[in-house]
Amino acid sequence: MDAAFTTRSVAVLGATGSIGTSTLDVIARHPDALRASVLAAGSNVSALVDLCRIHHPEHAVIADPARFEALRQALANAGLRTRAHAGDQALDALVASDACDTVVAAIVGAAGLSSTLAAAKAGKRLLLANKESLVLAGALVMAAAKASGADIIPIDSEHNAIFQCLGSREAGARVRRIVLTASGGPFRGRSRASLETVTVAQAVAHPKWSMGPKISVDSATLMNKGLELIEAAHLFDVGRDRLDVLVHPQSLVHSLVDFIDGSTLAQLGLPDMRTALSLGLGWPRRIDSGVAGLDLLRHGTLEFEAPDLEAFPCLRLAWEALETGGAAPAVLNAANETAVSAFLQGKIGFLAIPALVEDALAAHAHAPAGSLEALLAADGHARHFSQGWIQRTATGQAASA
Ligand code: NAD
Ligand code: MG
């Protein structure tokens with residue numbers, strides 16, 4: 001990077017995860033321009049301290065308050081000056097403070113909402129990977145960023161591709177349609193009935209991307225694409241009628257934008273999140289990401305097909321939640337998080353994920369949604385409903401076994 005570039009202090013939230021690891025890889029390539037100043041993780045103290053040994057941040061935050069003393073001790077034992085913090089409030093305060101000017105929001109699930117909102121309110125550059133925060137409270141996050149002047153740069157590969165095609169987050173009247181591409185996941189081409197007995201190992205084995213367990217299951221159900229439709233509606237301020245999904249198994253075209261003059265722009269590249277992250281960290285410059293260029297001759301054919309909404313009802317449910325609006329996306333997200341967690345723990349089968357989300361939406365989609373409190377209440381009620389549903393299903397399975 002050129003010398004005029006001022007150093008960015010970056011808070012990496014979800015530092016021990018898949019996106020966090022890729023972020024730190026890009027940061028380490030630019031020691032003169034980028035610095036990891038805050039690292040935050042959920043509960044794995046030793047993995048967090050290992051990262052502190054390499055990146056020497058000023059602050060390390062563990063979400064679980066019971067692990068504060070373990071973190072403090074481990075940092076001291078390692079001879080590091082990094083200060084230990086614990087809990088969500090400490091994280092939100094650091095995100096809003098001078099400790100960082102850039103925040104990579106890469107916590108998984110609704111647990112990432114509070115820190116994402118804190119970054120948006122504090123006017124930070126916000127590299128947003130945590131799509132669930134936009135699904136749960138997208139209008140509030142976008143309004144907070146607008147009021148503070150926070151720059152949101154989408155990190156989800158599809159939204160990052162769209163951002164690149166637009167040159168900004170402004171779609172406006174020039175855009176006819178935004179098309180999100182989807183790999184189709186590990187079960188592309190399978191019938192719904194054949195998915196009854198798929199295992200956790202099969203569901204998390206994504207054909208193209210290496211990612212955390214939750215988003216990997218979301219990719220297998222196509223809920224990930226559904227969450228991304230809602231994410232795109234907020235990021236680019238476009239309605240359902242200008243959004244579409246196209247299955248593209250090679251995962252090289254990351255999304256497309258159709259303009260009103262008949263032009264379609266697409267962004268292509270190898271499936272590696274460091275490309276999107278380096279764009280967000282360097283924007284408006286392009287910086288080295290460590291990702292190789294695309295050799296289309298080697299890849300040969302690019303295929304496209306329509307998504308199968310019968311085999312993968314989660315995508316249909318997300319379309320419907322986007323149309324319903326209000327609390328429906330929050331309910332969809334909460335039920336899905338609960339269902340995916342139960343699936344990963346072997347408590348329910350794969351097809352129970354859409355069944356549970358559908359029932360939760362039928363019960364709670366029209367809950368009040370006018371404030372953060374109302375949305376969090378809808379999220380809480382949907383989680384409670386989902387836990388009961390899972391318990392009844394698991395008991396039913398045991399009784400019939
Ligand atoms: P992951 O499971 O690999 O990592 C999750 C991170 O969040 C870990 O560092 C974990 O310690 C932390 N965490 C979990 N619960 C927490 C809590 N309550 N408080 C604080 N930290 C907590 O997940 P990932 O694949 O890196 O995905 C992270 C986010 O990025 C998700 O929202 C996902 O949808 C999105 N995303 C990921 C990818 C990808 O390629 N992995 C692509 C696009 C979007
Ligand atoms: Mg994506």
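This is a predicted model: local features need pLDDT of at least 70, side-chain atom pairs count only at pLDDT 80 or more; totals for chains, interfaces and linings use all residues.

Trainee: In which helix does Gln164 lie, and with which residues is Gln164 in contact, leaving aside its neighbours within four places in sequence?

Mentor: Contact means heavy atoms within 4.5 Å. Gln164 belongs to helix H7, residues 157-166. Once the neighbours within four places in sequence are left aside, its contacts are Gln267, Leu279 and Arg286.

Trainee: Is Ala306 buried or exposed?

Mentor: Exposed means over 50%. Ala306 has a relative accessibility of 64%, so it counts as exposed. Ala306 is in the loop between helix H12 (296-299) and helix H13 (313-324).

Trainee: How far apart are Ala306 and Gly184 in sequence and in space?

Mentor: The two are separated by 122 residues in sequence, and their C-alpha atoms are 9.7 Å apart in space.

Trainee: How much space lies in the second largest pocket, and which residues are closest to its centre?

Mentor: The second largest pocket holds about 360 Å³. It is lined by 14 residues, and Met142, Lys146, Arg169, His234 and Asp237 are the closest to its centre. Helix H6 (131-148) and helix H10 (223-236) are the elements that each give two or more residues to this lining. By type, the lining has 8 nonpolar, 2 polar and 4 charged residues.

Trainee: Why does the second largest pocket count as lying between domain 1 and domain 2?

Mentor: Because domain 1 (8-154) and domain 2 (159-272 + 292-309) both give residues to its lining.

Technical notes: Residues are numbered from 1 along each chain as its sequence is written. Chains are lettered from A and ligands numbered from 1 in the order in which they are written. Side-chain values use heavy atoms; hydrogens and water are left out. Buried means under 20% relative accessible area, exposed over 50%, partly exposed in between (1.4 Å probe, protein chains only). On a 1 Å grid over the protein atoms alone, a cavity is a set of points where a 1.4 Å probe fits but cannot get out, and a pocket is an open set with protein on both sides within 12 Å along at least five of seven lines; lining residues have an atom within 4 Å of a point. Grid points are joined across faces, edges and corners, and a volume is the space filled by probe spheres set on the points. Ala, Val, Leu, Ile, Met, Phe, Trp, Tyr, Cys and Pro count as nonpolar, Asp, Glu, Lys and Arg as charged, and the others, Gly among them, as polar. Domain bounds come from an automatic or database domain assignment.
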